[in-house]
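Please find below a colleague's note on the structure shown here.

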Amino acid sequence: MNRPKVQKYVKPKHIDDYPVGPQFTAGFLAETNAGWRTFRPIIDKNLCINCLRCYIVCPDGVIFKSENKVDVDYDYCKGCGVCAHECPVNAIKMVKEELL
Amino acid sequence: MSKKLFISGDEAVAIGTKLSRPNVISAYPITPQTVTVERLSEMVESGELKAEYMHVESEHSAMSAAMGVSAVGARAFTATSSQGLLYMAEGLHYASGGRYPIVMMNANRSLALPWSIYGDQRDSLSLLDSGWIQVYVEDAQEALDMIIQAYKIAENKDVLTPFMVNLDGFVLTHTYELVEIPEQEKVDKFLPPFQTPNKMSFEEPKNMAFSTTPADNLEYKYQQNRAMLNSIDVINDVDKEFGDKFDRYYGGMVQEYRCDDADVVIFTLGSITGTVRMIVDKLRDEGKKVGLLKIRYMRPFPEKEIIKLAGKVKAIGVVEKDISFGYEGTVYTNVNSALSKLDNAPLSLDFLCGMGGRDVSKSDIYNMFISLFKAVNGEKQKRVQFINMGVETDE
Amino acid sequence: MNNTDIKRITPKNITDKEFFYGHKACAGCGGSLAVRLALKVLGERTFAVLPAGCMSAVGFIYPQMAFVNNAIISTFPGAASMASGISVGARALGLKDYKTVVFAGDGGTADIGIQALSGAIDRNEDIIYVCYDNEAYMNTGIQKSGLTPYGTKTTTTPAGKNIHGAQTFKKNLFEIMAAHEIAYAATASVGYPQDYIDKINKAKHTKGTSFIHVYATCPTGWGIPTEIAIQIAKEAVDSGLFYLAEYQNRNFKLNKNPKSFFPVKDYLLKQSRFKHLTDNDIKIIEQQRDEKWEYMRKHWN
Ligand SMILES: Cc1ncc(C[n+]2csc(CCOP(=O)(O)OP(=O)(O)O)c2C)c(N)n1
Ligand code: SF4
Ligand SMILES: [Mg+2]
């Protein structure tokens, strides 16, 4: 697995269900960040030249390589728009969520 | 065969530390702790102690580094005193909240201002709430033994709480005594290597020392408090196991001396205990029913032991080298909190002495007992008494 | 290791694994990009230490644990010393082939953490210290730090009629670090990600302490739209207000020495933290920049 996925978190019922001390499994994600987004990046795979600029500059790391193109993990994309702004061939459009 | 050496309290701590096989020592020098870190440095240099010595640039970093060491599951030691202890205050709470069982020697010394390098216990007592186990030792032998016990108690899986071994500055740190040195082999059998679930590793990566929202914070604090309370049984068990193996029992949470049928008992902390013991003997020879309770641990607090004893006596005097300005001595406050749980609590007096290195003589102790007897006989005594003031105060 | 022996890490061959994921940083946060890219270069056998500051605040809110590798929050002043303890403690246990990295803000580095950092460099601890510089104490609500530039409006350097924001210039953090004769030091910008990746990679292969000062956009604190986060960090370099340089073996090197600068005014006035600046304020900023460049060009190449 290249990136963690959201997991079911069961809130402790007994004090002994808590970890000993403030420490927990690395990479445990109890929730997504999708709700933050007002604009969604949509990648036009026909335009994408696979330069990987968006992949490198994404602050959240939600763009991943997929079949010689790139794709987005919408569970964790916050819609900052950096990818669309940096894309040299304008292959990424930011589209308002409620229009989708 | 174990051997005996004529050494100071600081040196005894260094040897106790060496025998406990820490992986890393991170410390910053301050009088009167310096001899301990100097000896440890020499042991690392000679190869006698296989540990890394980190020359950190401050006490804050000494504690911060020790937490890093513990967070990867290695055994950490540090030592400080007075201003240095306060400088690491942020780290003290952090280490206990993080459940890192670091062992630290603190040479009890006065706090500035005014500057004073002499002993009193205001440094550690002002950090009573930092979540560290606090033991106060009486002599160099106990200092050595308690470093070894400290690791065993602190690292117990039900405790995982840092541990502060307090020695009175100069009176203990710099006084030479004949000390029996336990054999390494026996110590190794007594103190197994450090194991903890609370660490980062590549087999089981962790995110540590995280933030909580109000939804979980209280549970972590409850857990921390429970661990500290758990340590009471562990302290008593470890004292027994140590005694069985090394022939020296310290009594666990407290040590009673001639308390059996006593009417008047003095409570002590640290090195003053020896002097009080002598006066108890003297008064007993005179037919007076007196006793001594050496409070060994201030956290966790020996409430149960105090209540048990207090139910049988008429008066308690607390001798302590500190004051909480605007109120009374901190030990006294704690003792009275325990006494308040009794229906018929004995009367109690607070004797503040030895601050900034002020002498406390045998006759001072003798007079404390006299004051307690007077109180028992209905003669009014000041509840909080400054012992050995050099001037009139119009009080 | 000779720098030329290091295999270059590029967008094509960099690991697909993400190590800083699902965090709660603001959209477009440059600090989070600096952390993400560095961890991709350093890999999973890395202990990350984060002092109080945005990256620790957004990365470890129980039970949301955003670091896939081992990571720990240190006290605000204690990042370098805690990282030292981890590095030394792991070595004492016989651990091999691991890295210890710090990600600390400008305040955590240039102000409150500088003592512990100086100590760590002095001991030549085997750690990599990354300072992501967003030019203010962001986590506490945008207050001035020792790396806040002249003229910046922060919540403790308000821009009024009498005083136009911060009245001090950025500390020379990179040179202060280099003055320790540190094993490796560099400046970088999230606006030049490949250069940053190269420098982290170099730090990874350096024995002893490395220090990287990376310019990292904070859209929230700077008052810019999130999508220009990378562009603005590039313009900071192109305008000469930040510079890309390295220090190694007693030598300073300017990695980028532009013939002409991107207009300072165009860089500044995009950001609401600089909107109040007068032409005279901007002149002072340019003058300071020119003096600095004159010095660097003379001594660093
Ligand atoms: C000893 C101490 N003093 C103050 C703080 C409050 N504090 C926490 S984070 C922070 C600002 C961090 O600024 P910086 O290091 O620049 O990181 P940023 O938040 O900008 O990422 C401050 C002042 C603290 N946690 N500890
Ligand atoms: S306030 Fe700034 S530095 Fe902090 S998370 Fe948001 S964008 Fe990043
Ligand atoms: Mg900052």
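This is a predicted model: local features need pLDDT of at least 70, side-chain atom pairs count only at pLDDT 80 or more; totals for chains, interfaces and linings use all residues.

1. Domain division. Chain B is divided into domain 1, covering 3–246, and domain 2, covering 254–386. Taken over C-alpha atoms, the centres of domain 1 of chain B and domain 2 of chain B are separated by 28 Å. To their contact, domain 1 of chain B gives 30 residues and domain 2 of chain B gives 26 residues.

2. Buried area. Between them, domain 1 and domain 2 of chain B bury about 2,100 Å², with 56% of it on carbon and sulfur atoms. On the side of domain 1 of chain B, the residues that lose the most area to domain 2 are B:Arg122, B:Leu128 and B:Glu138; together they make up 28% of what that side buries.

3. Five salt bridges are counted between domain 1 and domain 2 of chain B.

4. Contributing elements. On the side of domain 1 of chain B that touches domain 2, the elements giving two or more residues are helix 6 (122–125), strand 6 (133–136), helix 7 (140–154), strand 7 (163–168) and helix 9 (217–246). Helix 9 of chain B supplies the largest share of that side, six residues.

5. Residue classes. The side of domain 1 of chain B that touches domain 2 comprises 16 nonpolar, seven polar and seven charged residues.

How values were computed. Residues are numbered from 1 along each chain as its sequence is written. Chains are lettered from A and ligands numbered from 1 in the order in which they are written. Side-chain values use heavy atoms; hydrogens and water are left out. Domain bounds come from an automatic or database domain assignment. Contact means heavy atoms within 4.5 Å. Buried area is the accessible area (1.4 Å probe) that two parts lose on being put together, summed over both. A salt bridge is a side-chain nitrogen of Lys or Arg within 4 Å of a carboxyl oxygen of Asp or Glu. Helices (H or I, at least four residues) and strands (E, at least two) are DSSP runs, numbered from the N terminus. Ala, Val, Leu, Ile, Met, Phe, Trp, Tyr, Cys and Pro count as nonpolar, Asp, Glu, Lys and Arg as charged, and the others, Gly among them, as polar.
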